[in-house]
Amino acid sequence: MTARMAAIPQRRAIIDRRPLAEALAEADGAEAVRQLRAALAGGRAEIAQRLEERPYAGTEIAAAYAFLTDQIVRLAHDFVVDRLHPLSNPTKSERLLLLAAGGYGRGEMAPFSDIDISFITPWKPTDWTETVVEAILYLLWDLGLKVGHSARGAEELIRLAAADHTIRTATLEARYVWGDEALYDEVQAWFWKKIGSGHIRAFIKEKLDERDARHVRMGDSRYVVEPNIKEGKGGLRDLHTLFWIGKYAYRLSDVSGLVEAGLLSAGELRQFQRAERFLWAVRCHLHIVAGRAEERLTFDYQREIAARMNYADRPGKSAVERFMRHYFLHARTVGDLTGVFLAHLDEKFAARGRRFMLPSFRRRPGKLEGFVLDRGRLAVPDDAFLAADPVRLIQTFALADKHGLEIHPLAMRAAARQAKLVDAIRDDPRANALFLDVLTSPRDPETVLRWMNEAGVFGRFVPDFGRVVARMQFDMYHHYTVDEHSLRAIGLLSRIERGQFKAEHPLGSALIKRIASRRVLYAAVLLHDIAKGRGGDHSVLGAEVARALCPRLGLDAAETETVAWLVRWHLLMSATAFKRDLSDPESIQDFAERVKSPERLRLLFLLTVVDIRAVGPGTWNNWKAQLLTSLFEAAEEMLRLGHKQHGRSERVAAVKADAAILLGWDEARFAHFANRLTDSYWLAETPAVIAANAKLIERGGTLELAPLPERGATLATIHAPDQPGLFHRLSGAISLAGGNIIDARIHTTADGMALDNFLIQDHAGGPFADRHQLARLEAGVARAMAGEEPARERLAARGAPSRRTAAFAVRPAVFIDDAASSRYTVIEVNAQDRPALLSDLALAITRSKATIRSAHIATYGERAVDVFYLTELDGRRITRPARLKALRERLLEAAASEERRAAA
């Protein structure tokens with residue numbers, strides 16, 4: 001029994017083994033299962049009640065589950081050995097040892113953790129031991145337990161442990177549960193004699209390599225908003241790794257021995273134990289809420305666990321956001337402890353002149369301003385060095401950036417311990433100049449700023465940034481905390497500037513060489529989300545922060561005003577590109593009038609690109625790149641030449657000329673096609689799409705599907721007799737086929753034909769190209785063109801919210817923008833995203849007797865933003881207030897229908 005198990009209060013209230021053992025002595029197999037199952041259920045209920053009463057007692061609860069498991073395993077063993085398969089005169093070979101391995105071996109278990117047991121015999125298993133092991137396993141399985149097991153002779157176990165570091169770690173953690181104690185002592189003695197007495201460096205390297213690979217699998221950030229509590233960066237497994245290494249190197253029995261070994265200070269041990277206690281509490285709550293072994297803290301569980309742990313809403317911060325912020329702060333503590341721990345390992349076990357984590361710097365810099373080098377890392381000479389001149393707290397990171405050095409973990413610890421000294425130097429010109437040097441470094445500002453953030457220096461030096469440290473945004477769109485998102489955006493901008501994204505971002509790579517002020521751009525990227533969580537428009541509030549902070553950092557008045565403008569309007573370009581019809585000159589004109597200058601346009605484009613990319617994997621795609629590029633080019637032309645010099649008719653003529661060249665048709669043949677279509681068609685489509693449309697029409701086709709990898713989507717073109725409701729039937733057919741419409745252009749030819757171009761993605765965000773899905777789509781489109789309504793019950797089933805998306809409540813909203821277009825009525829619908837949403841909205845518009853001219857579909861996690869350009873059936877704008885009110889109400893009803901259906 002571990003020390004934590006021994007400290008569990010009122011253990012018999014969880015399970016009392018003695019009376020159970022007496023009852024089992026007279027029971028048959030079925031009765032034994034019944035009694036053990038009841039004891040297990042009662043014990044779990046008691047522990048769950050204790051967790052409810054003390055929601056932060058994570059390590060105590062984890063020990064209680066291990067204690068309960070011990071008692072069940074012991075009772076099962078005794079029942080099998082004494083009742084089912086007694087052996088009156090066992091030989092020396094017929095001895096059996098039960099070892100707990102893995103987390104069970106550490107004496108830590110969550111409610112639905114696997115039970116890892118090693119059945120050990122002196123030599124090869126005998127018939128009797130094999131029979132007993134099988135009977136014990138069947139009994140445990142009958143109880144509904146998930147048992148991971150192995151059955152080996154003692155010598156085989158030691159041989160395998162020597163060859164495989166995974167088995168070596170399991171054996172290192174192995175704990176006596178029941179059976180032959182003398183055999184346990186023999187196994188322990190053999191392990192330390194044959195394995196544990198050497199190879200410490202190799203073991204440390206294996207564990208660190210294993211950790212790094214695990215971090216990569218889990219996203220390589222401790223600030224992902226749906227973290228894996230067990231395996232993720234900053235999670236429980238990282239703490240386990242520290243203990244494994246300490247135990248292997250020093251034969252420790254528990255984590256308190258890390259202090260005696262000199263690997264952690266007493267204060268750091270308390271941090272270790274606080275983080276461990278919190279993470280175990282969250283993990284146990286998660287298992288109970290999920291009803292299974294769940295390790296990923298997804299959105300649908302976060303809100304419930306926050307409530308179970310007694311978090312409450314505060315002004316500007318919801319309970320779930322406060323809970324997750326504490327989670328990320330504990331994850332950061334785990335990272336800090338890991339750095340200090342590895343520094344001590346380097347001192348004690350790394351080969352002379354080497355480190356377990358190899359330095360990136362090979363030469364000694366000439367001037368270190370009083371700092372020193374320790375195995376290639378920047379270090380402080382003594383504890384008083386930083387306090388003697390607090391500007392050195394910023395200088396630490398500036399020197400690391402300038403010379404390409406890593407910072408020694410003990411120097412990081414010293415900086416974190418003395419971070420409060422930064423308060424006195426916030427207005428110091430030297431400190432601000434050094435900070436600006438790091439922010440705008442041509443080398444790797446993301447890494448150094450992240451170190452500054454980890455040490456707590458960043459948030460003290462820029463208190464507004466400190467307010468968003470570890471702050472999550474409770475939505476499905478953002479993958480990282482606000483501070484992590486901002487740092488990643490800076491890193492992406494730096495990589496674009498260093499030419500690492502020329503293929504992915506050719507326009508951005510060219511523009512960044514033409515901007516007038518790098519300082520403006522980097523400051524804007526840093527500050528664009530700095531006011532999130534303040535209860536107002538973060539763009540407006542962020543601009544105020546920029547106006548106050550930029551002069552302190554050393555930016556002049558003009559630079560400050562530009563940064564403030566970029567922060568205020570950092571969402572303008574993406575909103576225009578993704579929610580407005582770029583073929584409508586008024587969309588471009590409104591955007592250009594807001595931007596006003598080519599320099600602002602270049603800066604805004606770069607800020608928009610890195611902001612979207614830094615949201616997380618999958619948020620950037622070729623379609624977004626094309627829309628932003630098209631908007632940039634159109635706005636730049638307007639700003640450079642003025643809209644009157646290159647008007648609507650000229651643009652139509654230019655597109656027609658390009659399309660004619662692509663087709664290679666003679667003038668009469670092209671005119672026959674072109675005369676069927678209005679100017680809006682030529683402004684909406686690219687010459688390549690127009691050429692494909694023309695070929696489809698000429699051969700009398702009705703459907704063409706063309707995967708466009710460069711746009712990350714499939715172009716579906718439908719050419720069919722125009723009829724009321726065609727769009728909603730087509731969008732329903734696409735949804736039922738498994739497609740996701742990201743854009744739609746709806747046209748009607750002069751001879752009464754519908755010519756609709758849909759851009760479709762699969763649910764992974766790629767081109768819709770699976771042949772089975774394409775076949776379903778073709779059949780569905782044929783039915784839609786024939787007038788057949790999509791099966792509403794099947795659409796409803798596709799639209800049913802998952803548990804994860806149901807964690808969010810997006811209140812439907814409909815906005816009518818009278819100023820967006822002089823030719824169309826522009827209506828924006830915000831609603832909970834679901835596959836059937838677009839079809840439902842289109843049906844509502846059809847029933848309102850309006851015509852959809854184009855549709856622009858954007859999705860931000862759980863939120864769908866669909867924008868429709870509408871007219872009356874005769875082509876006029878919809879202007880009557882009563883008409884607009886009725887249309888708005890019908891769209892609200894369509895957007896909310898699924899919400900009501902789910903609630904019912």
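This is a predicted model: local features need pLDDT of at least 70, side-chain atom pairs count only at pLDDT 80 or more; totals for chains, interfaces and linings use all residues.
A search of the whole structure gives 23 aromatic pairs. A pair of aromatic rings is described by the distance of the centres and the angle of the planes. Two of the pairs are treated here in turn.

Tyr56 and Tyr311 form a tilted pair, with 6.4 Å from centre to centre and 55 degrees between the planes. The angle falls between the cut-offs of 30 degrees for stacked and 60 degrees for edge-to-face, and therefore the pair counts as tilted. Tyr56 belongs to the loop between α4 (29-53) and α5 (58-84), while Tyr311 belongs to the loop between α15 (299-308) and α16 (319-349), so this pair ties together parts that lie 255 residues apart in sequence. Tyr56 is partly exposed, its relative accessible area being 29%. Tyr311, in contrast, is buried, with a relative accessible area of 10%.

Phe203 and Tyr248 form a stacked pair, with a centre-to-centre distance of 4.0 Å and an angle of 10 degrees between the planes. Here the angle is under 30 degrees, and therefore the pair counts as stacked. Phe203 is located in helix α11 (residues 200-217) and Tyr248 in helix α12 (residues 236-250), so parts that are 45 residues apart in sequence are tied together by the pair. Phe203 has a relative accessible area of 0% and is buried. Tyr248 is also buried, at 1% relative accessibility.

Aromatic residues also occur as a group: one aromatic cluster is formed by Trp665, Phe670, Phe673, Tyr681 and Trp682.

Charged side chains are found over aromatic rings as well. Arg488 lies over the face of Tyr480, at a distance of 4.0 Å from the ring centre. The charged end of Arg568 is placed over the ring of Trp569, 3.9 Å from the centre of that ring.

A further arginine, Arg283, is part of helix α14 (residues 266-290). Arg283 has a relative accessibility of 5%; this value is under the 20% cut-off, and therefore the residue counts as buried. When neighbours within four places in sequence are left aside, Arg283 is in contact with Ala110, Ser113, Ile229, Lys230, Leu236 and Glu295. Among these residues, Ile229 is 54 residues from Arg283 in sequence, and the C-alpha atoms of the two are 6.6 Å apart in space. With Glu295, Arg283 makes a polar contact between side chains, at 2.8 Å.

Definitions and conventions:
Residues are numbered from 1 along each chain as its sequence is written. Side-chain values use heavy atoms; hydrogens and water are left out. Rings of Phe, Tyr and Trp (its six-membered ring) pair if their centres lie within 6.5 Å; planes under 30 degrees apart count as stacked, over 60 as edge-to-face and the rest as tilted. Helices (H or I, at least four residues) and strands (E, at least two) are DSSP runs, numbered from the N terminus. Buried means under 20% relative accessible area, exposed over 50%, partly exposed in between (1.4 Å probe, protein chains only). A charge sits over a ring if NZ of Lys or CZ of Arg is within 6 Å of the ring centre and within 35 degrees of the ring normal. Contact means heavy atoms within 4.5 Å. A polar contact is a pair of N or O atoms within 3.5 Å; within protein, one must be able to donate a hydrogen and the other to accept it, and residues adjacent in sequence count only if both atoms are side-chain atoms.
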